[in-house]
Amino acid sequence: MIAIIKYNGGNVSSVQNALNRLDAESIITDDLELIKNTDKVIFPGVGEASSTMKILKEKGLDLLIPTLKQPVLGICLGMQLMCKNNEEGNTVGMGIFDINVKKFPSENIIPHMGWNTISDLKSTIYSGIKEESDVYFVHSFYCELSENTTSVCDYILPFSASLQKDNFYAMQFHPEKSGKIGSQLLQNFLKL
């Protein structure tokens, strides 16, 4: 069973639909005990950082998520809130990744939206995925490069397209909207 964390953010249904296509059983929930006792957890995200963090705190999810022992996958805003600080709303994140989240320079076209290439793939979650694969992004803020970076994308500047530390995996792009590559990535996560 996979728990998809519910917190009034977007894209939970599209994540569940992607899992359904892979015949993976999932539940959308904010129940702390249920989340603790599932095989895997997906922390999706579409929204604004500070208001989302406020909801996570109200539900106790901000304290639970960093303590989880099973594989956890953060997507888009979920990835960003797993980091230390976010310039969007001067938000303090959960600090799973010791990384700052910054806004793309405003003189360029933001949000970064559409298909773009990822490279420097460095995690078992990329098993069967070729270098220079294209995935789907929608974001105005980016995670800095760090020792936890497991893939890189270049839009305006190089940034972390994905991260990993211990049992925590995170993707700035949307695997649930990234076609066959995204399905393979979700399948790899399910096999962890």
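1. Which strands and helices do the buried residues of H3 pack against? The buried residues of H3 pack against strands S3 (40-43), S5 (83-86) and S6 (91-92), and against helices H4 (61-64) and H5 (77-81). Contact means heavy atoms within 4.5 Å.

2. This is a predicted model, in which local features need pLDDT of at least 70 and side-chain atom pairs count only at pLDDT 80 or more, while totals for chains, interfaces and linings use all residues. Residues are numbered from 1 along each chain as its sequence is written, and side-chain values use heavy atoms, with hydrogens and water left out.

3. The chain holds six helices and 13 strands; these are DSSP runs (helices: H or I, at least four residues; strands: E, at least two), numbered from the N terminus.

4. In helix H3 (residues 49-59), Ala49, Thr52, Met53 and Leu56 are buried. They cover an arc of only 100 degrees around the axis, which puts them on the same side of H3; the arc is that of the directions from the helix axis to the C-beta atoms. Lys54 and Glu58, on the other side of H3, are exposed. Buried means under 20% relative accessible area, exposed over 50% and partly exposed in between (1.4 Å probe, protein chains only). After H3 comes Gly60, with a positive phi near 80 degrees.

5. Of the 192 residues in the chain, 53% are buried. Among contacts between residues at least 6 apart in sequence, 68% join residues at least 24 apart. Along its principal axes, the C-alpha trace spans about 45 × 35 × 25 Å.
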